[in-house]
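Thank you all for coming. Today I would like to walk slowly through a few local features of one protein, and I will ask you to keep the picture in view while I talk.

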Amino acid sequence: MSRYAVLLSLAVIWIGNPGELVRLQKGENIISYNPAQLCFSNRSFAFGVATAAYQIEGGWNASGKSESIWDRYTHTHPEWVYDHENADVATDSYHKAKEDVQLMRTLGVQFYRFSISWPRILPEGFNNKINEDGVRYYNELLDELEGNKIGALVTMYHWDLPQSLQDLGGWTNPIMADYFVDYARVLFQTFGDRVKTWLTFNEPLTFCHDGYGGGDAPGGRASGLEDYMCAHNVLRAHGMVYRMYKEEFDKDRQGYVGISLDMPWMEPASPSAADKTAAETARQFLFGWFAHPIFSTQGDYPPIMRQRIDAISRRQKFARSRLPSFTEAEIINIRGSYDFLGLNHYTTNLVKPGTGKISLKPSYDDDMGVKLTVNPKWPKSNSTWLRVVPWGFRKTLNWIKNTYNNPLVVVTENGVSLEKGLDDAKRVNYIDSYLRSLHAAIYKDGCDVVGYTHWSLLDNFEWMRGFSERFGLFEVDYRSPDRTRTARRSAHYYATVAKTGCLPDKHDYKY
Ligand code: PNW
């Protein structure tokens with residue numbers, strides 16, 4: 001059995017230290033790579049599970065919590081959600097935090113990624129009024145995690161903007177960045193003694209593109225305009241929060257702030273030069289839009305976005321580009337505003353050039369100018385957008401490594417939706433095959449990845465798809481008042497991985 005010692009500049013996620021349950025610590029590490037066994041070094045790698053506030057908590061108006069844009073959206077237009085459902089109760093985790101932590105204990109995971117609900121902490125949206133019950137809820141969750149030696153990786157914003165702030169324009173209003181800084185400061189002051197690893201935003205691509213450019217909450221439906229405004233203010237807000245944290249709260253550099261960005265792999269539909277170029281353009285529009293300003297050495301938007309959107313805006317007779325411009329000071333503030341990259345990765349698309357036709361109506365899709373398809377042979381999931389393509393994970397991680405000088409990465413989401421049922425052999429296969437791809441990216445290619453988070457701990461409210469798409473390691477019975485949770489086969493599989501740090505040599509479930 002041959003062993004390779006691979007010297008990697010890795011960061012260590014340090015788990016189980018009293019008082020500092022999750023800690024990302026930069027340093028040098030020697031990893032033993034044993035190709036026969038496929039283990040992730042225990043000391044330098046951590047396994048976790050993820051959820052988000054709106055998708056699991058329920059208690060939508062409990063004890064001082066105000067309305068979020070998703071409450072407003074699902075209450076006023078139930079017909080826009082696939083099964084006409086809302087997350088008023090969801091998995092009732094507002095009342096079941098302790099039970100959820102016990103589920104994690106059985107999994108043996110080292111950390112929990114959850115999000116804090118802005119309208120539960122600041123009902124007005126502003127920091128002039130703090131809702132004590134919201135603080136109590138997250139304090140109890142954090143205490144419970146600490147008592148069970150499970151680290152916390154906390155997302156500040158997973159799409160549930162207070163409706164009061166949306167009434168002011170939400171993320172299209174530049175002042176939202178200041179209010180987000182105020183909110184973040186409350187979080188650092190209130191929970192920062194225990195939480196050392198933070199994510200500012202979850203998937204700005206999704207909530208800016210689908211929420212402001214499309215019909216998801218808040219339903220801006222102004223593609224090519226509001227989506228760019230949203231992204232612009234979110235990037236400004238991210239940079240401002242990062243700098244504020246370092247100046248006001250993190251003098252000893254013990255804490256870590258990142259952002260979760262989603263990247264489906266963009267594979268050229270053929271080896272032709274045109275398809276290769278289209279695939280790279282798609283990567284820049286989908287991922288570079290947010291990553292280039294933060295993670296590249298130059299900063300600012302990707303040149304290809306600047307070029308295309310400026311040119312198309314001119315052809316549409318706009319007096320200025322629909323893609324806003326950063327000031328020089330903003331570029332500098334945003335550039336390098338990270339301690340790690342949170343990566344959400346699920347699937348892969350094939351890319352070729354679009355028709356090249358530009359309508360007068362602004363459109364992000366026209367601006368990007370590509371056509372996305374899938375290979376019909378790729379196994380399906382229960383979500384139309386999600387095909388099972390494990391090799392795309394490795395390619396994504398390598399592209400990030402090569403494009404942004406091998407940043408420290410925590411995989412903050414990866415998972416698959418399937419039918420109801422406890423015997424989810426397909427999920428076991430999905431996780432196992434994606435982890436093999438991840439393992440190769442780390443130990444063969446030298447990608448600096450220190451953590452993997454499975455989406456999701458349990459079935460939950462899947463946004464526009466309601467409860468119809470299930471991503472959980474634990475199944476939730478929505479008909480029982482108790483929202484009973486039951487371990488699926490995949491929970492047993494994932495527990496083996498999380499506890500041993502190794503992929504089982506054999507498992508019997510095939511796609
Ligand atoms: C993520 N894509 O969204 C979200 O962060 C979660 O809240 C959500 O439940 C989960 O994935 C499953 O959908 C995504 O099209 C939405 O590639 C779309 C994509 C990826 C992630």
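Let me begin with a histidine, H209, which is found in helix α8, the stretch that covers residues 204-212. Please bear in mind throughout that what we are looking at is a predicted model.

Now let us turn to another helix, α5, which runs over residues 132-147 and has 16 residues. From its first C-alpha to its last, α5 reaches 22 Å, which is close to the 22 Å expected at 1.5 Å a residue. The buried residues of α5 include Y137, L141 and L145, and after the helix comes K149, whose phi is positive, near 55°.

Which residues bring α3 and α5 together? On the α3 side they are A97, K98, V101, Q102 and M104, and these meet Y137, L141, E144 and L145 in α5. By class, this contact has six nonpolar, one polar and two charged residues. The axes of α3 and α5 come within 10 Å and cross at roughly 25°, which makes α3 roughly parallel to α5. The crossing of these two helices, α3 and α5, is right-handed.

Note on methods
Residues numbered from 1 in each chain as written. Predicted model: local features only at pLDDT ≥ 70, side-chain atom pairs only at ≥ 80, totals over all residues. Heavy atoms only, no water. Helix = DSSP H or I, 4+ residues; strand = E, 2+ residues; numbered from the N terminus. Expected span 1.5 Å × (residues − 1). Buried < 20%, exposed > 50% of the residue type's maximum accessible area, 1.4 Å probe, protein only. Axes fitted to C-alpha atoms, helices over the stretch in contact; angles between N-to-C directions. Parallel < 35°, antiparallel > 145°, perpendicular 65-115°, else oblique. Left-handed = near helix turned anticlockwise from the far one by under 90°. Contact = heavy atoms within 4.5 Å. Nonpolar A, V, L, I, M, F, W, Y, C, P; charged D, E, K, R; others polar.
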